[in-house]
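I opened this notebook to keep track of what I looked up, one topic at a time. The entries go from sheet and hairpin to single residues, and then to the spaces in the fold.

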Amino acid sequence: MEKKKTVTPHSNSLATVIGASLRIQRDYMNIHLQDRPVVIDAWAQHPTLRHINDPIFDSLKRWKKMDYLNEELPVELTIRQMDEAGVSKSLISAWEAPGKSMISNDEVASVVDSAPDRFVGIGSVDISHPMKAVREMHRCVKTLRFKGIRVLPWLWSKPPTDRWFYPVYTACCELGIPFCTQIGHTGPLMPSEVGRPIYLDQVALDFPELKIVAGHIGYPWTEEAIAVATKHEHVYIDTSAYTAKRYPPELVRYMKSYGAHKVLFGTNYPMISAKKALQEFDTLALDEKTERLFLAENAIRVFELEG
């Protein structure tokens, strides 16, 4: 068995890769940050070692040529990559997985408390224990002041229509917060079927007042995602895990027409930095109003953030 390499953030690690990437992108970006409106990242993480080193991400590390870390990444690194792209706020997610907490809600709260003007907390819960999950959601919102809850179907190998999700949807409606999730195929070596956007059609029918923010564009079912978002008033798409130049043409057409209020900018940092995500953004040729909606105003409205 191949031995895993572990390195510190000061060597050829994720931190080094991010830093080098930001320097390179500074030379090649064809955007002008001084002319750009406010930018809010709707899906990001400040990873723990448990999260970034989890074997479930080995396939992503091979693609990105990333090593394992043995020291926690400083919050300052996350803020610096935001500054490089003109991102004013990032919605930082917790990760609860079966049998383990990869990024706990309290760890997210600590990051938010370190820079409350830059970070907004998005919680996560163990859906296999419904009542415990509901109580934790109330703590996330009422005590930790989080603005949403994220649960990933592929991480649980269950579609969003599974009964384990329904107490979470009910609590989201009661608390007035969005349910954040993932749609599309999975980068980690897990089944993609549970990421079909059409599952959210039934969820939105059962919970018409529930705000649903579906991340990762939904590829290869992007048209399915657009159909669901168009049909349901409170279903939205975020572009996390994709750079602007990789947005499917049908999504760009949707943003330029009747979907201008339905798509939010996201990165999935640290897998993609904000600056890389916005590389070649101007080639999308969005009008000024659509650009403002996409980069910040939709997120401000959906998550009820301070503008």
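What follows are my entries on this model, in the order in which I made them.

**Ground rules.** I noted that this is a predicted model, in which local features need pLDDT of at least 70 and side-chain atom pairs count only at pLDDT 80 or more, while totals for chains, interfaces and linings use all residues. Residues are numbered from 1 along each chain as its sequence is written, and side-chain values use heavy atoms, with hydrogens and water left out.

**Sheet.** I looked up the strands, which, like the helices, are DSSP runs numbered from the N terminus (strands are E, at least two residues; helices are H or I, at least four). I found an open sheet of 3 strands in the order 2-4-7, paired in parallel, where two strands pair if DSSP finds at least two bridges between them. Strand 2 (39–44) and strand 7 are at the edges with a single partner strand each, so one side of each has no neighbour in the sheet. On average, neighbouring strands of this sheet are turned by 20 degrees against each other, direction ignored. Strand 2 is joined to strand 4 (residues 87–93) by 4 bridges, and I saw alanine 44 opposite isoleucine 92 of strand 4.

**Hairpin.** Strand 5 (residues 95–97) and strand 6 (residues 100–103) pair in the antiparallel sense over 3 bridges, and glutamate 96 has serine 101 in strand 6 as its bridge partner. The two strands form a hairpin with 2 residues between them, and glycine 99 in the turn has a positive phi of about 80 degrees.

**Two single residues.** Is serine 273 buried or exposed? Serine 273 counts as buried because its relative accessibility is 7%, where buried means under 20% relative accessible area, exposed over 50% and partly exposed in between (1.4 Å probe, protein chains only). I placed serine 273 in the loop between strand 12 (263–264) and helix 12 (274–277), and a polar atom of its side chain lies 3.1 Å from the backbone nitrogen of lysine 276. Leucine 205, in helix 9 (residues 199–206), is partly exposed at 46% relative accessible area.

**Pockets and cavity.** I worked on a 1 Å grid over the protein atoms alone, where a cavity is a set of points where a 1.4 Å probe fits but cannot get out, a pocket is an open set with protein on both sides within 12 Å along at least five of seven lines, and lining residues have an atom within 4 Å of a point. The largest pocket has a volume of about 570 Å³. Of its 26 lining residues, the closest to the centre are Leu60, Trp63, Ala241, Asn268 and Ile272. Helix 3 (residues 58–64) gives the most to this lining, with 3 residues.

The second largest pocket has a volume of about 420 Å³. Of the 23 residues that line this pocket, Phe119, Val120, Arg145, Lys147 and Leu305 are the closest to its centre. Helix 5 (105–114), strand 7 (119–122) and helix 13 (288–303) each supply at least two residues of that lining.

Which residues line the largest cavity? I listed Ala94, Trp95, Glu96, Ser124, Arg150, Val151, Leu152 and Leu155, around a volume of about 30 Å³.

Note on methods: Points joined across faces, edges and corners; volume = space filled by probe spheres on them. Polar contact = N/O pair within 3.5 Å; in protein donor to acceptor, adjacent residues only side chain to side chain. Axes fitted to C-alpha atoms, helices over the stretch in contact; angles between N-to-C directions.
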